[in-house]
Number of protein chains: 2
Amino acid sequence: MIRSLRVGIVMALVVLGASATPVAQPGPKRGFVQPRADAHAALELRFDAALEADLLRDWMQHLSSRPHHVGSPFGKEVADFVAARFTEWGYDTAIEEFQVLFPTPRLRRLELVAPTQFTASLAEPPLEEDATSGQQDEQLPSYNAYSIDGNVSGQLVYVNYGVPADYDALERLGIDVRGKIVIARYGGSWRGIKPKVAAEQGAIGCLIYSDPRDDGYGRGDVYPTGPYRMGRGVQRGSVADMPLFPGDPLTPNVGATADAERLDRADAPTLTTIPVLPLSYADARPLLEALGGPLAPLAWRGGLPITYHIGPGPAVVELELAFNWDLAPAYDVIATLEGSERPDQLVIRGNHHDAWVNGARDPISGLVALMAEARAIGELARSGWRPKRTLVFAAWDAEEPGLLGSTEWAELHADRLRAQAVAYINTDGNSRGFLGMSGSHTLERFINEIARDVIDPQTDVSVSERLAARRQVAGNPRFQTNGDHPIGALGSGSDYTPFLQHLGIASLNLGYSGESGGGSYHSIFDSFDHYIRFGDPTFEYGITLAQTTGRVLLRLTDADVLPFEFESFSETVTRYVDEIVTMTDEMREETERTTRLIDDGRYVLAADPTTTYVPPTTQDPVPHLNFAPLRNALTRLEASARAYGDALSPDAVAKLSVADQRALDQILIRTERVLTREEGLPGRPWFTHQIYAPGFYTGYGVKTIPGVREAIEQRDWPLATTQIALAADTLALFAAEVDRATGILTGSR
Amino acid sequence: MIRSLRVGIVMALVVLGASATPVAQPGPKRGFVQPRADAHAALELRFDAALEADLLRDWMQHLSSRPHHVGSPFGKEVADFVAARFTEWGYDTAIEEFQVLFPTPRLRRLELVAPTQFTASLAEPPLEEDATSGQQDEQLPSYNAYSIDGNVSGQLVYVNYGVPADYDALERLGIDVRGKIVIARYGGSWRGIKPKVAAEQGAIGCLIYSDPRDDGYGRGDVYPTGPYRMGRGVQRGSVADMPLFPGDPLTPNVGATADAERLDRADAPTLTTIPVLPLSYADARPLLEALGGPLAPLAWRGGLPITYHIGPGPAVVELELAFNWDLAPAYDVIATLEGSERPDQLVIRGNHHDAWVNGARDPISGLVALMAEARAIGELARSGWRPKRTLVFAAWDAEEPGLLGSTEWAELHADRLRAQAVAYINTDGNSRGFLGMSGSHTLERFINEIARDVIDPQTDVSVSERLAARRQVAGNPRFQTNGDHPIGALGSGSDYTPFLQHLGIASLNLGYSGESGGGSYHSIFDSFDHYIRFGDPTFEYGITLAQTTGRVLLRLTDADVLPFEFESFSETVTRYVDEIVTMTDEMREETERTTRLIDDGRYVLAADPTTTYVPPTTQDPVPHLNFAPLRNALTRLEASARAYGDALSPDAVAKLSVADQRALDQILIRTERVLTREEGLPGRPWFTHQIYAPGFYTGYGVKTIPGVREAIEQRDWPLATTQIALAADTLALFAAEVDRATGILTGSR
């Protein structure tokens, strides 16, 4: 409180729209008119004071005390516990229930039948050192959700990460996987891509294992000595075709309420078409050891003490899987604090509550920060403070099988959300380390401002400065001292996807990490015992995350005008276009080079004649595409963005009437919305955002300006040209909204 | 024969000095005046016809039938056998004997004494599948030659490859090796660098092991299934400080004849100062597993199925080594075919005959090609042909412990060699694959011409074209279609070193490889059985090497004027200078960047505060060095080189008298000589060559313009400035010789 008074004296001016240069004094730098800015800085200190690490620890210990996947008994208890706390803290709280398809294993059998015999254990053995690891009655066995049932037998082929480039390499070696069972290692793509590509290539089954080089002793000491995955640890996870659409496979586009219309399971397009099973490296080793055929390329070799071969065979495996294809209830906990002046503007803050097993880190470490924020804001509210806008806390169920809780809720409430949602702020797991920031670039400057205000608990400098130190030491050329950190673009992998990429709601995904490597992901060892030894033992980073995300919420809900800006967005999109143009040029040169080498017989000459080698075939030349529409749109966008930045003077905002502030907000909210197109991306209409999408063949990995980028990557030149025009139109609509916002500020509408 | 007649018709012109553009017709393109060029093309076909793969196989089977290291009973038999063949083929043959220091193990003991007990086996077990692997009575045990005696005990520290950069990384982790025993993996430098650097850092012992990722199952199937190193295979090898000087440690600069003056062993500067022992990965694993302390950096982790830690300790090891420090007789076989017109111009062709054990690949696969060349040329000579110049074949002893046979011979005959040697052509092992060419860049065009004439046995295109295919497929930007292949610069690692780098004799090192990876190097499994399964089963590449090297010999000994040229050299040296300037600029920027980060405390902020981290200390700024003398020298060199190329017209050569041809030869021979300086390189006077040297801290790895480059790398700016001036002087002397050569051609002397 004393500190905030000093702030008031030093900064007795309108700070809205101040430059990005860091200012020593914490507090909001944009969106607030004085003296509200100073008052808000004081409010944030009161917020901080209400955060208690012991509570985070207690909540985590309770919430991770038993397995709590969607549909589990303890899952319901978790939802009820969280809802009870929200109610206790003064929120208008509801549990919204959906009925979602959630298969659980009925039968899992994997046997090596030739040239030797081996039956995979498919079991994670409990450890004495881990108190909850022995709760086998409640644990889901290791499996990949949304694998279909199947009973297949065939020769085994090792396909590295199982991404399209790996199959190109196999083709060079004369190997195809038709009628075979592939074994891929985790990594290189989101796991659901592996069975999708394998099936496209004709494989009849897919095994996915954790290689110890990527996720085991090659990374560090294994649990319980260290945090990394031990020989029999297994990564569970969804393999639904999420880049097509996430959420309940039976109810695309609509909320999976009890009475929703449902697809027949046979028609559900996001289920796999071949059976899929995850393995530990202990189970994978005998299979890989039994492979003959060519030596795996150097980059394909993992950390097992064997020589990696590709096959096919002589290893022959039988894989039999059957699931209970039940609907399960998903319980989303929704807690609302209504805004005082603009209650129809919603700031939404979410983290899921379901886990694959006990889920101390994923998702509870993020959820307890969210709860701490809710509790502290509840205290502020009880003391008389109220935000201008409505704040919604959400604890999602069924994120793990494919963002079901958030997606179904977003689909059910789509109309209201499209009309009212300001932003969606996501977390999903947290640990010791450095701030990770991704999301809409219209919020890049805003979140950087906050990163300069939050203090890193280990070093007593701001989390922004600590991150800067790391990037500078790493020699990252994109980070300039004292500038804003570039934030990442969002692909998929957590609950922001329906908000950002389906509804066009500006989003952020935040979390600390980088100093507590681990291998407990989606295993029975993602436990309280593991987390307090290796994750964030004192919960100081739980507090820091709450301080970070809490500031986001407080400033977004209470600003005089929303702190969106457009120059970072404009620069970033220009960079994306540059990348795509460069990529196209490089594809053209590479295609020319390759064609020349093929025509000259160079590949065959370079190959070892004693081994099988199939040279590549020529591809059509890469035409010169007309990027002019995009370049012109960028030129306009840049001008519009700059004009808004220039217009956003302290005076201009101070002069706005409350009605104009609200009108300006409504335009700012709409800017992200106009980045979507109703017809969605080519082949996947659910994904409407034209700037950010998960890659169709990378999964979680983002593709920016995806319509254009993926058309070029797939060498579909007519589609690329169409998509360039559409992306240009989208940016023009965006620039028009920005111009309207500028008009309000300059009074020139 | 028929083919050669056609050559005569098609190419009835003087071809000397023809451009580098490939011509379909084989035969010498430079150095010969017609009609001698056509005759020579025919001679080469007769040479080819005299090569017989079965002989190579028989010789290898015999020469690798028992272990034959220097001083061994069968080593003498090998020398006698080779000498008898040379005599039989009509050469004036002698065995020259030297007495060299060659320690062999008397006692080897390595024990882990804490926290667990383990005694290293230090043994390579024989394999039934390998006929000679059981000859344990004659095998040298696994050891590193020129390790001192010692009995040390201390905590163990893992130092990765044990190069200076690894110790920088250790310093960051707060680890020093004073009083400790280090364990390094093979690779990253020549092995002798590891104990040298370890001792500089204060270590008291050094273990070197073969990690399975670099040299074992991580590379491919292990022997006998495949060619790679199995768990108990050990790499023997010398650890003398060869970058100081190679050869007998007791007789630097002079031939180690029986009555030579010898240093006391205590004063021999190339012996190690700490005991050193090589290990198999089977023996290394328990030691590495017993290490605690920090996790090894990601790049340090190898292929063992363990988490690599650095230590120090808790592993404590005892290492006890004692050697028989005897002199051994080294037998160099020297066979001479005197030249008809210029007998005082010597072309020398060498390959060593000693091995660490049976040595089928290293060195016999190269030696049998040399023998095939000698036999075929002997047949040509018997039929009446005689080269203009004298041809000397050498089969060196004692290469393995440190190039002793070649070095002592070169030192003993230094005066004659300086006066008479045209070039030294080396091989040392050969297998299936692609032609490797390294050496003096004055011979770059010459060897490329030959590479276009020799046919690859697997693909029926020239070995040049096949290599081009490989480089083009790999996207090598330095290789242009149809241009010359850039040849590598020579560091060290085989017998060319005394000729090139001590005496300044233009040298080439040639060999085929790349399609028979292996892990038999310096082990008991470098055997005939291994070679005929995995090396070059049909000896077709043995024949191809003989065809390649034979053409080098035939053209060098019989050309009208020596085929040296200077444009490639000029371009290459210019590239070296560019590299050094860029390196200096990058060092300057990196020093500035690092200093700024240190001053700003960034390293500490970026580090994990829960682990030990010692930030780097600031280094003096990198000054701007005056490279102008070098640049000016390069400008002159370029002009001189071009003038010589221009003057080398067919007419000009045809018009030269025999006396002028000889005078021109003498100048051409001297060009490489003037690249040496009598005082040698800073701190290592034995190495006199100013353009090529093995790196003082890389060993085999070449450092080009070493005086300048290493002074900068060591941040010795005054020395760098002096060395720039010296290098410029050297290049000026070289350009002056080239100008003199041009003068003869243009008649303007």
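A:Ile705 is buried, with 24 other C-beta atoms within 10 Å, where buried stands for 20 or more other C-beta atoms within 10 Å of a residue's own, exposed for 12 or fewer and partly exposed for what lies in between, with C-beta atoms placed from the backbone. This is a predicted model, in which local features need pLDDT of at least 70 and side-chain atom pairs count only at pLDDT 80 or more, while totals for chains, interfaces and linings use all residues. Residues are numbered from 1 along each chain as its sequence is written, and chains are lettered from A and ligands numbered from 1 in the order in which they are written.

**Backbone geometry**

- Most residues other than glycine have a negative phi, and most peptide bonds are trans.
- The phi of A:Ile705 is near 45°, a positive value in a residue other than glycine, and A:Ile705 sits in the loop between β18 (702-704) and α21 (706-713) of chain A; helices (H or I, at least four residues) and strands (E, at least two) are DSSP runs, numbered from the N terminus.
- A:Asn253 likewise has a positive phi, about 75°, although it is not a glycine; A:Asn253 belongs to the loop between β8 (237-238) and β9 (276-279) of chain A and is exposed, with 12 other C-beta atoms within 10 Å.
- In chain B, a cis peptide bond with omega of about -5° joins B:Ala114 and B:Pro115, and B:Pro115 is placed in the loop between β2 (104-114) and β3 (118-119).
- Another cis peptide bond, with omega of about 0°, joins B:Gly311 and B:Pro312, and B:Pro312 is found in the loop between α7 (281-289) and β10 (316-324) of chain B.

**Chain A as a whole**

- Chain A has 22 helices and 18 strands, and 57% of its 749 residues count as buried.
- For 749 residues, a compact globule would have a radius of gyration near 27 Å, and chain A agrees with this at 26 Å; the radius is taken over C-alpha atoms, and the globule rule is 2.2 Å times the number of residues to the power 0.38.
- Along the principal axes, the C-alpha atoms of chain A fill a box of roughly 80 × 60 × 55 Å.
- Among the contacts in chain A with a separation of 6 or more, 79% are between residues 24 or more positions apart, a contact being a pair of residues whose C-beta atoms, placed from the backbone, lie within 7 Å.

**Domains of chain A**

- Chain A is divided into domain 1 (1-49), domain 2 (54-101 + 330-558), domain 3 (104-325) and domain 4 (567-746), with bounds that come from an automatic or database domain assignment.
- The centres of domain 1 and domain 2 of chain A, taken over C-alpha atoms, are separated by 24 Å, and their contact takes 14 residues from domain 1 and 19 residues from domain 2.
- On the side of domain 1 of chain A that touches domain 2, the residues divide into 6 nonpolar, 3 polar and 5 charged; Ala, Val, Leu, Ile, Met, Phe, Trp, Tyr, Cys and Pro count as nonpolar, Asp, Glu, Lys and Arg as charged, and the others, Gly among them, as polar.

**Sheets and the helices across them**

- In chain A, an open sheet of 7 strands with mixed pairing has the order β1-β11-β13-β12-β14-β16-β15, where two strands pair if DSSP finds at least two bridges between them.
- The edge strands of this sheet are β1 (92-101) and β15 (433-439) of chain A, each pairing on one side only.
- Strands β11 (residues 327-337) and β13 (residues 389-396) of chain A run antiparallel and are joined by 5 bridges, with A:Leu391 in β13(A) as the bridge partner of A:Leu337.
- Helix α8 (residues 360-382) of chain A lies across β11, β12 (342-352), β13 and β16 (507-514), running at about 145° to β12(A); axes are lines fitted to C-alpha atoms, for helices over the stretch in contact, and angles run from 0 to 180 degrees between N-to-C directions.
- In chain B, 6 of the 7 residues of strand β15 (residues 433-439) are buried, and β15(B) pairs with β16 (residues 507-514) in the antiparallel sense over 7 bridges, with B:Leu435 opposite B:Tyr512.

- The contact between the chains takes 29 residues from chain B and 29 residues from chain A, and α12(B) gives the most to the chain B side, with 6 residues.
- B:Ser464 has its place in helix α12 (residues 463-473) of chain B and counts as buried, with 23 C-beta neighbours inside 10 Å.
- Not counting residues up to four places away in sequence, B:Ser464 touches B:Asn448, B:Ala451, B:Arg452 and B:His485.

Note on methods
Contact = placed C-beta atoms within 7 Å.
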